Amino acid sequence: MSRAPTPLDEKLKRRIARSGPLGVAEYMEICLADPEYGYYRTRDPLGARGDFITAPEISQIFGELIGLWCAEVWRGMGEPGPFQLIELGPGRGTLMADALRAAKAVPDFVQQARLHLVETSPVLRQEQAERLAEHAPQWHDTFTAVPPGPSIVIANEFLDALPVRQFVRRGGGWRERLIAPGGDGALAFVESPGPPDGDPRIPLDIATGAQPGDIAEIRPAANALAAEFGRRAADHPLAVLIVDYGHVQSAPGDTLQAMSAHGYTDPLERPGDQDLTAHVDFAEFARRAEESGLRTHGPLEQGQFLLALGLAHRADRLMKGAGKEQAALIETAARRLADPAQMGALFKVLAATDTNGPAPPPFPATSQEPTQGVIC
Ligand SMILES: C[S@@+](CC[C@H](N)C(=O)[O-])C[C@H]1O[C@@H](n2cnc3c(N)ncnc32)[C@H](O)[C@@H]1O
């Protein structure tokens with residue numbers, strides 16, 4: 001079924017006519033963040049009536065366990081006085097509201113936390129303001145704008161929204177994957193006539209043995225963020241928790257995806273009107289974080305991480321205080337987060353810390369197995 005072009009479709013085509021084909025990263029950036037028509041600038045996309053649902057919107061337990069994780073990490077840092085509690089891309093503010101409610105079990109933690117939210121969407125900022133008013137958050141457009149100090153950073157489904165550049169293996173080299181109108185006027189993928197601009201530093205695991213037609217992805221904004229984490233950790237204690245969908249080893253593949261009304265759609269259709277993401281390359285992010293002087297932990301599968309922190313225990317406690325129907329909903333939601341066939345294995349959890357403190361729970365100091373133990 002053909003659809004009327006979106007206003008952003010027209011705007012993109014005018015821009016391409018003026019300045020030539022767009023890189024995939026520029027396309028993603030414009031679709032998500034164009035000041036007039038960008039996806040995140042114009043709507044709240046979350047929830048049953050939106051385009052997708054995230055872990056904190058599925059179960060309060062997700063945010064609660066992360067709140068207790070933050071309090072444990074803060075203790076491990078030596079309980080610094082005022083410290084920055086930072087969330088990147090906080091959505092509706094649900095995760096942080098659940099986290100801070102659970103962390104009231106450690107009153108000094110909540111008292112010393114200065115809440116900083118890195119968010120570009122005016123619509124979502126409004127929702128965050130409503131849910132988090134009692135914690136007096138400060139908002140920033142970028143992570144670099146958050147004032148220095150000891151910091152704990154949370155990012156759930158944030159990295160996947162950062163734009164990726166894509167390259168196609170041709171002969172012995174790479175061509176950049178670009179976007180321009182095809183013969184029928186619809187946006188289509190094309191390739192740069194020559195090698196890509198700059199040195200894209202395609203991960204070795206992808207470049208080695210790449211076959212003609214293979215696609216490589218890099219995420220410059222995530223690499224810059226990893227470097228910024230390292231700069232902050234040079235002066236103050238830092239712990240970062242990244243939760244997202246993606247792969248543990250760098251590998252070739254086209255992971256650009258669009259989602260609308262809870263289904264996958266064509267990323268080049270209806271620009272600005274559907275969510276655009278790409279999987280996170282956790283190996284590359286960890287390499288960049290370590291290059292910047294951080295120690296990384298994991299990744300663990302989300303299911304392993306949540307169960308080790310006490311997901312089942314917390315679900316049982318909530319179910320005991322609930323009626324039969326509500327208890328069934330609590331159980332289904334907890335299972336959705338942890339079951340490997342649902343979100344439990346696709347989503348991974350990676351922590352990065354300065355090199356002075358202990359490994360954060362439940363990441364082991366030396367082996368790859370998570371330590372067991374309930375912190376709720
Ligand atoms: C998929 S949503 C995840 C929301 C939330 N973390 C959750 O789990 O429900 C992505 C979030 O990142 C924000 N976001 C996307 N790109 C951003 C950027 N470049 N800078 C700051 N925030 C961004 C969106 O507005 C939204 O709050």
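Predicted model: local features only at pLDDT ≥ 70, side-chain atom pairs only at ≥ 80, totals over all residues.

Numbering runs from 1 along each chain as its sequence is written, and side-chain values use heavy atoms, with hydrogens and water left out.

**Stop one: the core.** Select Trp69, Leu85, Phe109, Ile152, Leu241 and Phe305, which touch the most other members of the 50-residue largest nonpolar core. Such a core is a set of buried Ala, Val, Leu, Ile, Met, Phe, Trp, Tyr and Cys joined through side-chain atoms within 4.5 Å; buried means under 20% relative accessible area with a 1.4 Å probe, protein chains only. Now colour α5 (60-76): this helix gives the most to the core, nine residues.

**Stop two: Phe109.** Show what is in contact with Phe109 (heavy atoms within 4.5 Å), skipping neighbours within four places in sequence: Cys70, Ala71, Trp74, Phe83, Leu85, Leu100, Ala103 and Ile152.

**Stop three: the lining of the largest pocket.** Centre on Gly89, Thr120, Phe158, Ala161 and Leu162, the closest to the pocket's centre of its 43 lining residues. A pocket here is an open set of points on a 1 Å grid over the protein atoms alone, where a 1.4 Å probe fits, with protein on both sides within 12 Å along at least five of seven lines; lining residues have an atom within 4 Å of a point. Elements giving two or more lining residues include α2 (24-33), β2 (83-88) and α10 (220-233).

**Last stop: the second largest pocket.** Pick Phe52, Ile53, Met259, Tyr264 and Phe347, the closest to its centre of 19 lining residues. β11 (257-260) and β13 each supply at least two of that lining.

Note on methods. Helix = DSSP H or I, 4+ residues; strand = E, 2+ residues; numbered from the N terminus.
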